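Please open the model in your viewer and keep the selection tool ready.

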Number of protein chains: 2
Amino acid sequence: MDSGVSVARQRPPAAAAPDFERWARGELAAVEQALDTWVPADAPAGLGEAMRYGVLDGGKRLRPLLVLAACDAVDGERGAAMRAAVAVELIHAYSLVHDDMPCMDNDVLRRGKPTVHVRYGQAQAMLAGDAMQALAFEVLTPLPGESPAPEGSAGLAPALQARLVALLARAAGHAGMAGGQAIDLASIGQRLSEAQLRDMHRRKTGALLQASVLMGAACGAAPAPVQAALGDYGGAVGLAFQVVDDILDCTQASETLGKTAGKDQEYDKPTYVSLLGLDGARREAEALRRQAHAALARSGLGDAAALLALLADKVVEREN
Amino acid sequence: MDSGVSVARQRPPAAAAPDFERWARGELAAVEQALDTWVPADAPAGLGEAMRYGVLDGGKRLRPLLVLAACDAVDGERGAAMRAAVAVELIHAYSLVHDDMPCMDNDVLRRGKPTVHVRYGQAQAMLAGDAMQALAFEVLTPLPGESPAPEGSAGLAPALQARLVALLARAAGHAGMAGGQAIDLASIGQRLSEAQLRDMHRRKTGALLQASVLMGAACGAAPAPVQAALGDYGGAVGLAFQVVDDILDCTQASETLGKTAGKDQEYDKPTYVSLLGLDGARREAEALRRQAHAALARSGLGDAAALLALLADKVVEREN
């Protein structure tokens, strides 16, 4: 038997493999359009301008892509998923606006541009972040007759609205992102164990990435075991993202990252690199990639989860 | 005919008039208990402590009382209303935590205690406020089997959860409270027209007070015209509250207010007093009280709205 043929048989035919880049380009354009529709230009006294500056025209939009790929995997309501994608990106963007402020990370550069507080002042930056968090929950709960009403008002049943709010609020709040940031603040100059570091990152970064997957999955009618497997996938991808972030912070230049590099070491923050070394951190990222793929295999979704599998690879292989 | 008898006939019997103080004492104790249950002590790295400091043991709890009185007026689901009461108070409390920070009003005294940023630092104060906003939406969307599950998980149907989130998020966000604060920031040292001042206050303070009434009303099955009349009542009470706030800021001592008095004049902020004078502002508050009562009369709720009527009086007559 020709081993080349054997290998070819084990692979799905090339036509069945999704063209990831093409899919991502299309979805990113749709997400940008939805954000542009939803984030108001006319909020009073410059607030809308600061909100739009903080969220439009920048960012990898990884969380929206996770929402949309998970929805795709379970054949869910795409319109509902687009609202979820906008909402989760608003929460992510608000957290960056607040995180960059002088009393937190005091960062002046984000996505290659001056940060919101540098551009609009601290008070407006704080308000813009606050309003972006509220807007996330507005987007998930459309009111009858309200405009703008882009695609997705239909198919967003009240029970799904409530479920999406529940997932997003918990990922954003004290048990998730905000709690992780509090640990982060308290850990400067401290030596954390690997378990403590993992707990911090699972909350600070992982919770919102995992919620992205769960929100996308909630837009379909997948059985509980499938949703649980997707949750495991989201947890592994979420942690992998932060491990890679730690690696990039000490291996890449600021121009590549679009934000100030080397901040972790400057602020004496515990990271996967400081704990495990660069090689150890890279091994950890690979292990999490394998966990993500194993969770997708457990989900039984097969080819339907191909985009999620590719997203896990992109998270680990990214260079900024 | 004896005119004394005639007057007695026109009034409801004394026993039918609600004992406002007794009702308020009972409800305030229940709200305090619910807040204590819901605001976590165990959030990581001191975040829970800062959140609890920012919301427990202080404040007039006017918004929760409006929620509960409105629910009472339409014979709504009390457990659902208690969750709404906690949620709206969390939004109010977070806005005070952020508003007091150095980049905003730079206030060191609130409810007679050092403000959150003075006690816990600016970074923790910002995070605590952020987590309080998220927690408000967590409280409105209980997950099955989640603890704590105080009274009120039953009766909170998904459609009601979605409706409460929609009302609260819009009142908190760019079109409501956050938008009003942005106008407030931009108006320092400016001369506003009465219409501009009213718009600012309707957003900054009025939106959340009006939402409190609407959220309470949503817990019952009142017809749309009744809900609309209650919305008008909430709008008038919300604006009256701010007019009285402006009056108290220049007539009361810091000890009575539990916060620094005279800040409006010090910061050259436009207020109802600076625009209309003290007597003019008092007339405006009385006019809004009459509007509130007229809206209750339009609601057709009769005696069922007695607590709301008394709350409008308390808002106008308060001394701190």
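Select Leu278(B) first: in this predicted model, helix H14(B) has a kink of about 95° centred on that residue. A straight helix of 28 residues would span 40 Å, but H14(B) spans only 29 Å between its end C-alpha atoms.

Next, select the buried residues of H14(B), which include Tyr272(B), Val273(B), Ala281(B), Glu284(B), Ala285(B), Leu288(B) and Arg289(B). What covers the buried residues of H14(B)? Show helices H10 (194-218), H11 (224-251) and H15 (306-317) of chain B, which are among the elements that cover them. Then select Gly300(B), which follows H14(B) and has a positive phi, near 70°.

Turn now to the contact between the chains, to which chain B and chain A each give 43 residues. On the side of chain B, the elements giving two or more residues are helices H3 (47-55), H7 (122-140), H8 (158-172) and H9 (177-186). Select H7(B), which gives the most, with 12 residues. This side of chain B comprises 28 nonpolar, 12 polar and three charged residues.

Finally, select Leu168(A), Ala240(A), Leu168(B) and Ala240(B), the residues with the most contacts inside the largest nonpolar core, which has 218 residues. Around Leu168(A), display the residues that it touches, including Ala87(A), Val88(A), Ile91(A), Ala136(A) and Met215(A).

Terms used. Residues numbered from 1 in each chain as written. Chains lettered and ligands numbered in written order. Predicted model: local features only at pLDDT ≥ 70, side-chain atom pairs only at ≥ 80, totals over all residues. Contact = placed C-beta atoms within 7 Å. Helix = DSSP H or I, 4+ residues; strand = E, 2+ residues; numbered from the N terminus. Nonpolar A, V, L, I, M, F, W, Y, C, P; charged D, E, K, R; others polar. Expected span 1.5 Å × (residues − 1). Bend = angle between axes of the 7 residues up to and from the residue. Buried ≥ 20, exposed ≤ 12 C-beta atoms within 10 Å, placed from the backbone. Core = buried A, V, L, I, M, F, W, Y, C linked by C-beta atoms within 7 Å. Lists of a residue's contacts leave out its neighbours within four places in sequence.
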